[in-house]
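Please look through the sequence and the model below, and then read on for a short report on some of its helices, strands and single residues.

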Amino acid sequence: MALERNSARAAKKAYTCPMHPQIEQDQPGACPICGMSLEPKTFAAGAGEEANPELRDMTRRFWVGAALTLPVLLLAMAHLAPGLAHAGEAPLRRWAQFLLSTPVVWWAGWPFFVRGARSFRTARWNMFTLIALGVGSAWTYSTVAFFLPGVFPETARSHGAVEVYFEAAAVIVVLVLLGQVLELRARARTSSALRALLDLAPATAIRVTGRGEAEVPLAEVEPGDRLRVRPGGKVPVDGVVEEGSSSVDESMITGESLPVEKNAGDPVTGGTINAAGSFVMRAGKVGADSLLSRIVRMVADAQRSRAPVQGVADRVAGFFVPAVAAVAAAAFLAWYFFGPEPRLAHAIVNAVAVLIIACPCALGLATPMSIMVGVGRGAQAGVLVKDAEALESLGKVEWLVLDKTGTLTEGKPRLMEAWAAPPLGETALLQFAASLERASEHPLATAVVRGAEGRGIALRPVAGFRSVSGSGIAGVVDGRPVVVGKPKFLNEEGVSPDVALEERAASLEADGMTVLFVGVDRRPAGLLAVADPVKESSREAIALLHQLGVKLVMVTGDNRRTAEAVSRQLGLDRFEAEVEPAGKIDRINALRRGGASVAMAGDGVNDAPALAAADVGIAMGAGTDVAMESASVTLVNGDLRGIAKAIRLSRATMANIRQNLFFAFVYNLLGVPVAAGALYPFFGLALNPMIAGAAMSLSSVSVVSNALRLRRIRL
C-alpha cells in the first residue's frame with residue numbers, strides 16, 4: 001500500500017517470528033529460538049505469497065529432493081515387488097541409494113541441520129533439533145553400514161547383511177520440506193486480511209491546482225492538497241469534501257454495506273470507494289497518520305502479540321525436546337537389549353521415529369496462527385484488537401459498562417425546548433446561554449448553540465469563562481453573570497432554582513431529555529431541554545449482548561430521571577446516574593472487586609481513564625484518538641453491535657486455539673509411545689520413520705488449516 005511505502009522507503013524491511021515477536025531482523029532467515037522461518041512484519045502493496053524468499057527456497061529444495069528420493073524409495077522397496085526381488089545387484093542398489101540420498105539429506109535438508117546446530121549452540125532446543133538428530137542418525141548409520149559393515153555386531157545383521165536406511169533419511173527430509181512448504185503457504189494466508197487492507201489505497205491521486213488537474217503518486221500527496229475523486233475511484237487519503245457530493249462505500253472500514261452520502265464538509269476516509277458522483281476533497285491525514293495506516297499497524301502488532309493461553313504451550317515446550325530425547329534414548333536401549341534381531345538396527349530405527357514424530361512444531365503453531373487469523377478476521381468486520389491478551393479477555397466479559405452520550409445515543413443532541421422564567425424571554429434566555437456555551441466543547445453545548453443560531457439569535461462576547469467538568473459553565477455576557485448546568489452547580493454559584501423550574505425539569509427528564517438550568521444575574525432564568533436520540537442499532541446490540549450472556553450497566557453523568565428513561569427504553573440491566581468522569585473508574589473497580597470481568601465502552605476524552613481501568617476497554621470509532629489509544633479494542637464504525645461481533649470473535653478464536661492445543665498434545669501423547677514401540681509387544685507393530693515424518697508434517701499443516709477456518713466465521 002502506498003501509505004506504507006511512504007514510511008518504508010527510508011527504513012529497512014523488518015522480519016519477525018510469528019511465535020516469538022520479540023525477534024526482529026532486517027532480512028529473511030530463521031528464528032534463533034524456535035527455528036521457524038521469519039516473515040515480513042509489514043507488507044508492501046500487491047506483495048503475494050511468491051514474494052516470500054523462504055517459500056521459494058523450500059519449494060525448490062522440495063522438488064529437487066523429491067525427484068532424487070523417488071528412485072531411492074523404489075530401489076529400497078524393490079525386493080517387495082513380485083518379479084523385481086533380484087533386479088540389479090544389491091551393492092549397485094546400495095551405491096545408487098547412497099549417491100541419490102546424500103544430496104537430498106545434505107543439500108535439500110541443509111537448512112534443518114543449520115537450525116538444529118544453532119539450537120545446540122544456543123541451548124534453545126526446538127523441532128529442528130529433533131529433525132537434525134533423527135535424519136543425521138539415519139544417514140550416518142546407513143553410510144557406516146554401507147562402507148564399513150564389518151564394525152557392526154551380529155545383532156545389527158539381517159540375513160548376513162547390515163540394513164541401510166538411506167530411503168528413510170531422504171523421505172523424511174522430503175516430507176519435512178513438504179510440510180514446510182504447505183505451512184509457509186498457509187501462514188501467508190493467515191495475513192490475507194492485512195494484505196487486503198494494504199491494497200485498499202490507490203497508487204495515485206488526482207491533484208487539483210490553479211493550473212488544472214494532474215495525476216501524482218500517492219506518496220507525494222501532502223496535507224492541504226486539493227484532490228479530485230472521480231466516479232468509481234478510491235478516496236486516496238483522509239480528508240474533507242470541499243466541492244460536489246456523492247455516496248461512498250465505507251464497508252472496508254465500517255463493515256456496513258450501504259453507501260454513505262457525502263456532501264461539502266463531510267469527512268472521507270482513504271481507501272473507501274466513491275460511487276457515481278464526483279467531488280473535490282481537501283487532504284487531511286496522509287501516510288502513516290491516516291486511519292487506514294493506523295488500522296494496518298494495529299492489526300499487524302496484534303497479530304504478533306502473545307495471548308496468555310500461549311504460556312501453556314511455552315511451558316510445555318521448555319522441557320519437551322529434552323524429554324523426547326530421553327524417550328528416544330530409552331527406546332534405543334529397550335530395543336537393543338530386548339528387541340528382535342537385528343536389535344541394533346531396530347533400536348536406531350525406532351529412536352529415529354521417536355525423534356521425528358515428536359517435533360513440537362504443531363504445539364508451537366497452535367496459538368499464534370489462530371491469533372493471526374482471528375485478528376485479521378476482526379479487522380475485516382471493523383473490530384480492531386490491540387493485542388492478543390485483549391482478544392482472549394473479550395470472551396470472558398460478564399459486565400459491559402456503557403457511557404450514554406455517543407455510545408448508546410447518537411452523540412448529536414438537539415435543542416428541543418427553551419423554557420424561560422419571567423421576566424426573561426425565550427430569545428434572551430437562549431442568547432445568554434448559547435453565548436456562554438459557544439466556549440464549551442461538550443456535545444450539549446453544541447446543541448444549544450445550533451439551536452440558537454437556527455432561530456437567528458446573535459451571540460454575544462463572553463468574559464471570565466469557567467468550566468467545571470461534569471457540572472456546568474459560568475461566565476459574564478454583556479456584563480451580566482450567567483451560569484448553565486446542573487442544579488447543584490447553580491446552587492454553588494449562588495443561584496437557587498425555584499419549584500416551578502424543578503417541576504418542569506422533572507417532566508422533561510421523565511421523557512428522556514437532558515435538562516440544563518440557566519441562571520442570569522444570580523437568579524433562576526429558565527431551562528433548556530436537549531434530547532440525544534438513541535441509536536437505532538442500540539436496541540439490537542443490547543439484545544445480542546444479552547444473548548451472549550453479557551450484563552449491561554449504563555454509567556452517565558446525566559440526571560437520574562433521564563438515565564432511568566433511557567435505561568428502561570433500552571432494557572439495560574442497571575444504570576448509574578449523575579456520575580462524574582472519575583466516578584466511572586470507581587464503578588468499574590467495584591464490579592471487578594466482585595470477581596467479574598468488566599469491559600467498558602466509550603468515545604470521549606473523559607472516558608479514556610475508565611477505558612484503561614477496565615479488563616477490556618472498547619473505543620467507539622467515531623470517538624477521539626485519546627479514547628482509541630486507551631482502549632484494547634476499537635469499533636471502527638462506532639456501532640455497539642460490533643461489541644457482540646468482538647465477543648463472538650474472541651470466543652471462536654479461543655475455541656480454535658483450544659482445538660489446536662488439544663490436537664497437538666494428543667498427537668504427541670499418542671505418537672511418541674507408538675514410535676517408541678509400545679504396540680510391538682502386543683500387536684507386532686512398529687512405526688516406520690518415514691510414516692513418522694509424514695505424520696509430523698501433516699500435524700503442523702492440520703493446525704494451520706484449522707486456524708484458517710476462522711476466516712469464514714460469521715460475526
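In helix α20 the residues T562, A563, A565, V566, S567 and L570 are buried, where buried means under 20% relative accessible area, exposed means over 50% and partly exposed lies in between, with a 1.4 Å probe and protein chains only. Helices here are DSSP runs of H or I with at least four residues, strands are runs of E with at least two, and both are numbered from the N terminus. The elements that cover these buried residues of α20 include α14 (404–408), α18 (499–510), β21 (514–520), α19 (536–547), β23 and β24 (574–576). After α20 comes G571, with a positive phi near 75°.

This is a predicted model, in which local features need pLDDT of at least 70 and side-chain atom pairs count only at pLDDT 80 or more, while totals for chains, interfaces and linings use all residues. Residues are numbered from 1 along each chain as its sequence is written, and side-chain values use heavy atoms, with hydrogens and water left out.

T556 sits in the loop between β23 (551–555) and α20 (560–570), and T556 counts as buried because its relative accessibility is 4%. Leaving aside neighbours within four places in sequence, T556 is in contact (heavy atoms within 4.5 Å) with K404, A563, E576, A577, E578 and V579.

## An open sheet of six strands

Six strands, in the order β7-β6-β8-β14-β9-β12, form an open sheet with antiparallel pairing; two strands pair if DSSP finds at least two bridges between them. The edge strands, β7 (212–217) and β12 (267–268), each pair on one side only. Within the sheet, β8 and β14 (residues 279–283) pair in the antiparallel sense over four bridges, and L227 stands opposite M281 of β14.

## A buried charge

D238 lies in the loop between β8 (226–229) and β9 (239–244). Which side chain of opposite charge is nearest to D238? That side chain is K285, 6.3 Å away, and D238 is buried yet has no salt bridge, a term that requires a side-chain nitrogen of Lys or Arg within 4 Å of a carboxyl oxygen of Asp or Glu. For charge, Lys and Arg count as positive and Asp and Glu as negative, whereas His and the chain ends are not counted. Leaving aside neighbours within four places in sequence, the residues in contact with D238 include V268, M281, K285 and L291.
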